[in-house]
Amino acid sequence: LFFVMLVCIPFAWMWMLPSQTKDFSASIFSVSVFLSNLYFMSQVDYFAPSAELNPLLHTWSLSIEEQFYFFFPLLLLLLIKPSRKLAIISIFLLAALSFTFSELAWRENQERNFFFSFSRFWELFAGSISAFIVQKRGVQKNNCIALLGLLAIIFSIFVYDESIPFPSAYALVPVIGVVLIVLYAEKETLTARILGTRAFVSIGLISYSAYLWHQPLFAFAKLKLLAQPSPVLMTALSLTSLVFAYFSWKFIEKPFRNRKLLSGKIIFTSSS
């Protein structure tokens with residue numbers, strides 16, 4: 001993430017207007033402290049043309065994840081010691097509250113709801129609840145249910161567009177799809193075999209880096225061209241993001257995951 005931010009700086013200096021550079025600088029700070037979702041919530045409409053010109057717009061989701069990863073372990077420490085059952089019930093209730101808030105909030109302000117942390121937490125709570133279930137009974141084998149989960153995700157990818165309020169009840173389709181895969185795609189199921197192919201596993205390995213690279217490539221292409229890139233160019237940029245992602249994964253992610261090269265203490269001290 002910090003490497004991608006560093007690479008963005010010279011291109012922002014060359015191709016951005018002063019007002020855009022100011023916003024970009026503010027976004028760099030907000031990304032660094034994992035509050036970019038709140039910054040963008042106060043600044044932009046995610047689907048507005050101007051929003052697409054911000055190279056770090058996509059970091060809103062990383063900020064929400066980091067906020068959840070900070071909050072959720074503290075919640076577990078508080079609740080699971082007195083009672084595991086209490087912890088699970090509390091997570092269900094918080095997930096239901098977050099979902100209800102999200103469904104009501106988009107009707108008042110769809111853009112703010114899109115970026116707001118609590119509007120998104122129910123999606124992450126769904127994964128936490130799935131983890132409790134898997135821990136207790138393991139991953140079950142059910143070809144039909146697992147395949148239904150995969151089809152739900154594919155449906156969302158190709159049918160949902162910017163006209164769909166999100167997050168909202170519509171988000172249940174892809175979220176439940178993921179949950180069904182987690183719970184029922186035992187390794188012998190067709191869904192597990194499909195997702196376990198070398199191509200999908202390879203994409204999965206570099207997916208985080210690909211996510212980091214795609215928005216800066218798209219944004220700077222639009223800034224440089226002063227127009228919407230052609231479908232051919234967008235396809236080329238998408239493939240380029242995968243190439244960049246591979247090298248990021250190989251030369252940044254992997255070394256940082258190697259405890260022999262970099263200990264957790266060194267990484268934490270350097271980040272601080």
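Modeller: Helices are DSSP runs of H or I with at least four residues, strands are runs of E with at least two, and both are numbered from the N terminus. Trp13 lies in one such run, helix H1. This is a predicted model, in which local features need pLDDT of at least 70 and side-chain atom pairs count only at pLDDT 80 or more, while totals for chains, interfaces and linings use all residues. Residues are numbered from 1 along each chain as its sequence is written, and side-chain values use heavy atoms, with hydrogens and water left out.

Colleague: Good, let's start with that tryptophan. Why is Trp13 called exposed?

Modeller: Trp13 has a relative accessible area of 71%. The scale calls a residue buried under 20%, exposed over 50% and partly exposed in between (1.4 Å probe, protein chains only). The 71% of Trp13 is over the 50% cut-off, so Trp13 counts as exposed. Trp13 is also 9.8 Å from Phe24, C-alpha to C-alpha, and the two are eleven residues apart in sequence.

Colleague: Which residues of H1 are buried?

Modeller: Val4, Met5, Cys8 and Ala12 are. These buried residues pack against helix H2 (18-32) and helix H11 (198-225); contact means heavy atoms within 4.5 Å.

Colleague: How do you know that the reach of H1 is close to the expected one?

Modeller: The expected span is 1.5 Å times one less than the number of residues. H1 (residues 2-15) has 14 residues and reaches 20 Å from its first C-alpha to its last, close to the expected 20 Å. H4 passes in the same way: with 20 residues, H4 reaches 28 Å, close to the 28 Å expected.

Colleague: Where does H1 bend?

Modeller: At Ile9, by about 25°, and a proline, Pro10, follows within four residues. The bend is the angle between axes fitted to the seven residues ending at a residue and the seven starting there.

Colleague: How many salt bridges does the structure hold?

Modeller: Four. One of them joins Glu103 and Arg107, at 2.4 Å from N to O.

Colleague: Why are Glu103 and Arg107 separated by about one helical turn?

Modeller: Because they are four residues apart in helix H5 (residues 84-108). An α-helix has 3.6 residues a turn, so residues three or four places apart point the same way. Glu103 is buried at 16%, and Arg107 is exposed at 52%. Arg120 and Glu123 also meet in a salt bridge, at 3.3 Å from N to O; they are three residues apart in helix H7 (residues 117-137). Arg120 is buried, at 8%.

Colleague: What makes the nonpolar patch on the surface?

Modeller: Patches take residues with over 30% relative accessible area and no salt bridge, joining like charges within 9 Å and nonpolar side chains (Val, Leu, Ile, Met, Phe, Trp, Tyr) within 5 Å. Members here include Leu147, Phe155, Phe158, Val173 and Leu190, and the whole patch has about 810 Å² of accessible area, found by the Shrake-Rupley method with a 1.4 Å probe and only the protein chains shown as cover. Helix H8 (residues 143-159) gives the largest share, seven residues. Phe158 lies in H8 and is exposed at 69%.

Colleague: What joins Phe166 and Pro167?

Modeller: A cis peptide bond, with omega of about 5°. Pro167 is in the loop between H8 and helix H9 (172-184).

Colleague: One last one: what is the phi of Phe34?

Modeller: Positive, about 55°, although Phe34 is not a glycine. Phe34 sits in the loop between H2 and H3 and is partly exposed at 26%. Leu226, not a glycine either, has a positive phi of about 60°; Leu226 is in the loop between H11 and helix H12 (231-257) and is exposed at 76%.

Note on methods:
A salt bridge is a side-chain nitrogen of Lys or Arg within 4 Å of a carboxyl oxygen of Asp or Glu.
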